[in-house]
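Q: I would like to learn how to read charged pairs and helix contacts in a model. Can we go through some cases?

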Amino acid sequence: MSGKADPRPAGEGTTTPRTRLERGRGALGPALELVHTGRAPTRAVLTAELGVTRATAGVVAAELEALGLIRVDARPGAAAGSQGRPSHRLSVAEDGPVVLAAQVHADGFRAALVGLGGRIVATAPGCETVEADPAKVLGSVVEAGADLLSATGRRCVGAGLAVPSAVAEPDGLALNPLHLAWPVGAPVRRIFTECVRAAGITGPAFTGNDVNLAALAEHRHGAGRGARDLLCVATGHRGVGGALVLDGRLHTGSSGLALEVGHLTVNPEGRPCHCGSRGCLDVEADPLALLTAADREPGPEVSLLKQAIDLIQDHYDDPTVRTATEALIDRLGLGLAGLVNILNPDRIILGGLHRTLFDADPGRLRAVVADRSLWGQSGGVPILACSLDHNSLVGAAELAWQPVLDDPLTALAA
């Protein structure tokens, strides 16, 4: 060994920290998404998932930590019975930036601050009144979010809004806010962006359908994690919505209007629907449908969703409630079977009241889907309950986090 310096320029047979950093910059986004979704809990897993050297993975993790996005634990405790030095543990930074997430539904609206990893950092008290003027509603929800930012002192890098309507692209128009008094075609994205800017909140602003966003959140952080073709069907405060996640991305169709599953006919002689048809899933399997079938008069004290859930959970032994619940399960099963025949998903997740219906009698729902669908008869599709509370809020946050996941350096610099 001569002890002389290597005469070759950096990059020709040698790898310096600078060259590792240059190679790693393109991996910052993929690395952050792996930590954000919990798929890279250690640096060893990150190295394998990115397909880079251990040194490059170390530089990438260090850069994300310097940006205040993740934390690297260089001295984790070894698991019982393990041998060798444990790999550095990776986690999202609990004191890092946040995004403003907002949700509007038929019984009110809510604002929250959401960090990486789908963590809800703070929430504002929910409002139970939705006015007919979308500008007033969105102004109020953004004001509530701005108050949260002021109180917490957190840095905000974007904002996302979930609405109970199909959102047409590219203009961000709410085409069917059927359960709100808003005008058809309300420019919710433009209004939301203007409210965000007026409140002094920086970063891009996004708007999407509430069930689409719930599906996105569940795919990244909840019951849909690991599914390739994920079907989500949910009923919130009014109506029924659906969403499909393909290879990790929402399938929204050519103009954002895909998966309007609420207008599948499941009872030809059933209730008139807002769309002009009859017996649609939208009016046959939502909270109002359950309360009506159980001969219960809806009250004004709490939301329809809470009244329906409480009815099943607290009075399922009542024959009238049980019969009504079974009727909704059967109608939901018919709708799911039709979707399975068309989409062939590898997993179905159910949210809102549908989660409670499923929990009440999972065997009945699975049997209806299996009996009425070709793919169900050939082996069955796993059906699970959504696992995240406030998944539409978390999904709205995912929209706002996406630019940071795509390119952390550029997004944070902006």
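Q: Which side chain meets Glu194 in a salt bridge?
A: Side chains of opposite charge can pair when their charged atoms come close. In this predicted model, Glu194 pairs with Arg190, with 3.1 Å from N to O. Both residues belong to helix 6 (residues 188-198) and are 4 residues apart, about one turn of the helix.

Q: Where do Arg296 and Asp318 lie?
A: Arg296 is in the loop between helix 9 (287-293) and helix 10 (304-315), and Asp318 is in the loop between helix 10 and helix 11 (319-343), so their pair ties together parts that are 22 residues apart in sequence. The closest N and O atoms of this salt bridge are 3.3 Å apart. Arg296 is partly exposed at 31% relative accessibility, and Asp318 is partly exposed at 27%.

Q: How many salt bridges are there by this rule?
A: The count is 15.

Q: At what angle do the axes of helix 2 and helix 4 cross?
A: An angle of 65 to 115 degrees counts as roughly perpendicular. The axes of helix 2 (residues 28-36) and helix 4 (residues 54-66) come within 10 Å and cross at roughly 75°, so the two helices are roughly perpendicular to each other. Leu28, Ala31 and Leu32 of helix 2 make the contact with Val60, Glu63 and Leu64 of helix 4. By class, that contact has 5 nonpolar, no polar and 1 charged residues.

Notes:
Residues numbered from 1 in each chain as written. Predicted model: local features only at pLDDT ≥ 70, side-chain atom pairs only at ≥ 80, totals over all residues. Heavy atoms only, no water. Axes fitted to C-alpha atoms, helices over the stretch in contact; angles between N-to-C directions. Parallel < 35°, antiparallel > 145°, perpendicular 65-115°, else oblique. Contact = heavy atoms within 4.5 Å. Nonpolar A, V, L, I, M, F, W, Y, C, P; charged D, E, K, R; others polar. Salt bridge = Lys/Arg side-chain N within 4 Å of Asp/Glu carboxyl O. Buried < 20%, exposed > 50% of the residue type's maximum accessible area, 1.4 Å probe, protein only.
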